[in-house]
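Good morning, and thank you for joining the group meeting. Please look at the sequence and the structure as they are shown, and I shall then go through them with you.

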Protein chains: 2
Amino acid sequence: MSSSHFQLSLPDWVQPYVASLPEQIQDVSARMQVAIALARYNVDNGTGGPFGAAIFEQNSGRLAAAGMNLVVGKHCSLAHAEMVAIMMAQSALKTHDLGRAAGAPYQLVSSTEPCAMCLGAIPWSGVQSLVCGANDADARAVGFDEGEKPSDWQGGYQRRGIAVECGVCGEDAARVLRDYAASGGEIYNSGA
Amino acid sequence: MSSSHFQLSLPDWVQPYVASLPEQIQDVSARMQVAIALARYNVDNGTGGPFGAAIFEQNSGRLAAAGMNLVVGKHCSLAHAEMVAIMMAQSALKTHDLGRAAGAPYQLVSSTEPCAMCLGAIPWSGVQSLVCGANDADARAVGFDEGEKPSDWQGGYQRRGIAVECGVCGEDAARVLRDYAASGGEIYNSGA
C-alpha cells in the first residue's frame, strides 16, 4: 500500500479574499454572493471547477469555512465545494458534528444544488440549514453529472430538521456554470 | 476563517497489518476478510467505528488503499471507511479518476453496504466494482443512520458500468457491527 496520509489545502487566493469580507454577513443573498465569488475565483485562478460553498454561523453571520471544487487539481473526487467546506469547518472546530459546536447552528451556502454525494454528506455534518443558488438542471445543462438523488430530498432534509432554501441568486450562480462551460472548462464528471 | 488546511492520516496499526498481507489477493472472500479485519482492528484499537474498506487492483489483486471509519477521532463526518480508502488511493495514484489510473480497473470492497453519502461518492471515484459484506439492514439494526438511498441504487450502478456484489462474508461482517454495539460503542450517526 502506497499511502496512509491525505492532505488538502485551499488555494492561495482564498485567504486574501476571505480577509476582505465583512466580519459578519447577515443577509442570505450576501452569503450566497460569497459562495458564488468562491466559484468564480476558483475558475479564474485555474484551481478547480465552477462551484463554491461557505459555512456560516447562522445567527452571527460569521464565516466558519470556505470551500470550492478542487477535484482535478488535488486528485480527489470527493473534493466538491460543499465537502471541502465541511472538512475545513470541522477541522477548525475539532468536531465531527457542527450541530454541537460552539457557534451552532451552522448554515451551508452552496453556489449550486448539491450532487448525490454531497446530499448524502450534509446530514452527517451537523449543519442545520442549506441554501442553494443554481439548481440541479443548471448543472446538468452544462454537462455535469449530479448522480442519483432521492426523489424528495428536500422533504427528507426537513424531516431531519435541516432547513432548505433554493434558488437564492440562482441566475448569478448559473452564469458561473455557463461561463465555465463556454470557456471550454473540463466537465470531468460527465461519465464519458 | 480559521482553517485552510485539512489532513488525515491512517492509524499506526494499519501499516503493520497491511504489510502482513499477501502481495496479491485474488479471491473476493479473502479481499472481504481484509475489509472486515480493518473494521475489527479499528474498533479494537479504539480508532473509530466498525467499518472497513479496501481498494484492490481488480485483476492483479494488489491492495491499492485501506480505509476505516475515522469520523469521531479525526473530527470529520466524511471519513467513512469507503471515503478514506478512495482518498488514499487517489492521493497515492495522483488522480481523481481511478478508472484511468495505472492498475485499473479498481474494486472497492466494503465491510458494510455504503451509506447514502458513500453511494453518491463511489461513482465519482472511478472504481468499477463494489463488493459489500453486511447489508443495510445489519447497519440499521444496531442504530446506524444510513441516510436516504435511491430505491434501486444497484440498478443505477450497473447502468454506470459499476458491478455490484453484496452479502460476501455478510455474517462475519455483521458480527463486527453487533459486537461493537454490544460493547457500548458510540453510534454517532443516530440522528439523536
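The contact between the two chains takes 54 residues from chain A and 54 residues from chain B, where contact means heavy atoms within 4.5 Å. This is a predicted model, in which local features need pLDDT of at least 70 and side-chain atom pairs count only at pLDDT 80 or more, while totals for chains, interfaces and linings use all residues. Residues are numbered from 1 along each chain as its sequence is written, chains are lettered from A and ligands numbered from 1 in the order in which they are written, and side-chain values use heavy atoms, leaving out hydrogens and water.

The size of an interface is often given as the accessible area lost when the parts come together. Here, about 4500 Å² is buried between chain A and chain B, with carbon and sulfur atoms giving 59% of that area. Buried area is the accessible area, taken with a 1.4 Å probe, that two parts lose on being put together, summed over both.

How many salt bridges are counted between chain A and chain B? The count is 2, a salt bridge being a side-chain nitrogen of Lys or Arg within 4 Å of a carboxyl oxygen of Asp or Glu. In a salt bridge, the side chains of Asp145(A) and Arg160(B) meet at 2.6 Å, N to O.

Which element gives the largest share of the side of chain A that touches chain B? That element is α3(A), with 7 residues. Helices (H or I, at least four residues) and strands (E, at least two) are DSSP runs, numbered from the N terminus.

Strands also meet across the two chains. β1(A) is joined by 5 bridges to strand β1 of chain B, residues 5-9, and the two run antiparallel. Two strands pair if DSSP finds at least two bridges between them. Within this pairing, Phe6(A) stands opposite Leu8(B).

Let us turn to the sheet in chain A. It is an open sheet of 5 strands in the order β3-β2-β4-β5-β6, with mixed pairing. β3 (63-68) and β6 (163-165) of chain A stand at the edges with a single partner strand each, so one side of each has no neighbour in the sheet. Inside the sheet, 5 bridges join β2 (residues 52-57) to β4 (residues 106-112) of chain A, and these strands run antiparallel. Glu57(A) has Tyr106(A) as its bridge partner in β4(A).
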